[in-house]
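Work through the following exercises with the sequence and the model side by side, and try each task before reading its solution.

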Amino acid sequence: MADWLTSLQTETPQQGFELALVLARKGVAYTQTSAEVRERLRPEYAENADSLTMASQVVAIHFQTVAAANGYWR
């Protein structure tokens with residue numbers, strides 16, 4: 001695994017949220033390493049309200065972590 005995450009520091013909350021999205025996507029890619037499998041599964045969860053809610057929760061948890069690392073941008 002290549003080092004790609006060098007810091008949780010961001011200049012703005014918007015950048016922090018975007019980092020949270022990247023963290024969520026990277027988490028899925030590290031968990032399911034086959035892009036083919038991820039692509040095949042996408043239609044199943046893309047229209048499932050529970051799956052989308054859980055995905056949003058993962059992003060929210062990552063955003064909490066990034067916000068804390070940035071002192072809530074104070």
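**Exercise 1.** Is tryptophan 4 buried, partly exposed or exposed?

*Solution.* Before starting, note that this is a predicted model, in which local features need pLDDT of at least 70 and side-chain atom pairs count only at pLDDT 80 or more, while totals for chains, interfaces and linings use all residues. Residues are numbered from 1 along each chain as its sequence is written, and side-chain values use heavy atoms, with hydrogens and water left out.

Step one is the scale: buried means under 20% relative accessible area, exposed means over 50%, and partly exposed lies in between, with a 1.4 Å probe and protein chains only. Step two is the value: tryptophan 4 has a relative accessible area of 31%, and therefore it is partly exposed. Step three is the place, which is the segment before α1 (13–31), where helices are DSSP runs of H or I with at least four residues, strands are runs of E with at least two, and both are numbered from the N terminus.

**Exercise 2.** Describe the overall architecture of the chain.

*Solution.* Begin with the secondary structure, which comes to three helices and zero strands, in the order α-α-α along the sequence. The C-alpha atoms fill a box of roughly 40 × 30 × 15 Å along the principal axes. Next, consider burial: of the 74 residues in the chain, 15% are buried. Finally, turn to contacts (heavy atoms within 4.5 Å): among those with a separation of 6 or more, 62% join residues 24 or more positions apart.

**Exercise 3.** How many salt bridges does the structure hold, and how are the partners placed?

*Solution.* With a salt bridge taken as a side-chain nitrogen of Lys or Arg within 4 Å of a carboxyl oxygen of Asp or Glu, the structure holds one. The partners are glutamate 39 and arginine 42, whose closest N and O atoms are 2.8 Å apart. Both belong to helix α2 (residues 35–46), and because they are three residues apart there, about one helical turn separates them. Arginine 42 has a relative accessibility of 36%, so it counts as partly exposed.

**Exercise 4.** Which residues does asparagine 70 touch, not counting residues up to four places away in sequence?

*Solution.* First locate asparagine 70 in the segment after α3 (49–69). Its relative accessibility is 10%, so asparagine 70 counts as buried. The residues that asparagine 70 touches, with that sequence exclusion applied, are Leu8, Gln9 and Thr10.

**Exercise 5.** Examine the backbone of tyrosine 72 and tryptophan 73, and state how accessible each residue is.

*Solution.* Most residues other than glycine have a negative phi. Tyrosine 72, although not a glycine, has a positive phi of about 55°, and tryptophan 73, also not a glycine, has a positive phi of about 60°. Turning to accessibility, tyrosine 72 is exposed at 54% relative accessible area, whereas tryptophan 73 is partly exposed at 22%.

**Exercise 6.** Locate threonine 65 and relate its position to that of alanine 2.

*Solution.* Threonine 65 is in helix α3, and its relative accessible area of 42% makes it partly exposed. Threonine 65 and alanine 2 are 63 residues apart along the chain, and their C-alpha atoms are separated by 22 Å.
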